[in-house]
Amino acid sequence: AKQGMRFTHCFQQAPMCSPTRHAIYTGIYPVKSGAYPNHTFVKDGTKSVAHYLKPLGYRVHLSGKTHIGPKSSFPFEYSGKKNPDFKAIDQLLIESSRDGTPFCIFACSNEPHGPWNKGDASQYDSSTITLPPYFVDTKETRENMVDYLAEITYFDGQVGELLTLLDKHGIAGNTMVVVVSEQGSSFPFGKWTCYDTGLQSACIVRWPGQVKAGSVTDAMVEYVDIAPTFINAAGGTPEAAIDGRSFVSVLTGETDTHKRFVFGEMTTRGINKGSPYFGIRSVRSEEYKYIVNFTPEVTFQNACTTSIIFNSWRKKALAGDNEAAEKISRYENRPAEEFYAIQEDPYEWHNLANDPNYAMQKAKLKQELLSWMEECGDKGQQTELEALEHQGRKRQSKDTVRVEKTGKL
């Protein structure tokens, strides 16, 4: 961060692993690309950043976690499994330096995805750490928070290892480095929700000679903006099919604004221990956040609601703790609409959806959200019910039928 630009308002489109990764590589919003539930895939013929950078002379390599499909849409060079293979990256840098070939490497960490079992948790004291105000303070919450922090530190170590390789090959001065943190943690109110704690990402960009060292920007950017930014920085022109917009002008200091609105969507259908269907859509400006829950009569569930952490909250609520009971209820039971004055209420705790003083602001954001959904081909609850058709198991079933009929993929 001392060497680059830190973004205070970077957001992804879907607070789950697979759709998040599809969005960053394709630059296309999840429902439009087809990759909106978890364990998903994009529509046949969808292009990714690899298609755009290769004609510009780049080697495009993905090392580590994939969780994307089909392979035809992501023609990367591949290495590693759940985490980056730094030996393979080192070899690519050797070859790139030798051949004078530019490269784009996605070093894809699996951390801090659960279970949180990497890093040194002993460097954090569970009794003194500060918990977010929307947490219930229990022994289990604190112990897991320490494990989570340790795994973030492990991730930081991976970033450091990559930067060391750039220094080793003498190419740090000519390489743009983008570090992002994926969706929010699997603690309550984070991952699987469209609150900022689920959709917001850390983002730091180091680009010597272009980005002012130690700078900070409040420009609102989205994960779909990263692919066109890479294409733009490489000297190409993003195709019209890409939803995202390059933010190179923010990086170079030409402007300090980018987007007026950022959007999010969440689909529980098909996720681990999720509600049979519970669709969420959101839109955020710099000042306000509007969220729509398609089926408020359905209990909101996911892997979090059966976790050790959440069960410790339940135990505290059953013992008579009203605050714990309120937070559990807020998590599992959502109103049809939520509206927050995000600057005064960053944790989205005071729902103003029915406050007449904010009726105009809510109506404006609601219209922006409806327009975005229409543009993406998002039919709301119908789209939610079709989610299973867009999961990897469905793709594998289609490929199996194709093999049986043709004898080849």
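Two strands count as paired once DSSP finds at least two bridges between them. Across this pair, Arg284 sits opposite Lys289 of β10.

The pair belongs to an open, antiparallel sheet of four strands in the order β8-β9-β10-β11. Both β8 (262-267) and β11 (337-341) are edge strands with a single partner strand each, so one side of each has no neighbour in the sheet. From one strand to the next, the twist averages 10°. Helix α11 (residues 359-376) lies across β8, β9, β10 and β11, at about 60° to β10. Contact means heavy atoms within 4.5 Å, and angles, from 0 to 180 degrees, are taken between N-to-C directions of axes fitted to C-alpha atoms, for helices over the stretch in contact.

Arg284 turns up again in the contacts of His9, along with Gln200, Asp218, Ala219, Met220 and Val221, once neighbours within four places in sequence are set aside. His9 itself is part of strand β1 (residues 5-11). With a relative accessible area of 18%, His9 is buried (under 20%; exposed is over 50%, partly exposed in between; 1.4 Å probe, protein chains only).

Residues are numbered from 1 along each chain as its sequence is written, and side-chain values use heavy atoms, without hydrogens or water. Because the model is predicted, local features need pLDDT of at least 70 and side-chain atom pairs pLDDT 80 or more, while totals for chains, interfaces and linings use all residues.

Definitions and conventions:
Helices (H or I, at least four residues) and strands (E, at least two) are DSSP runs, numbered from the N terminus.
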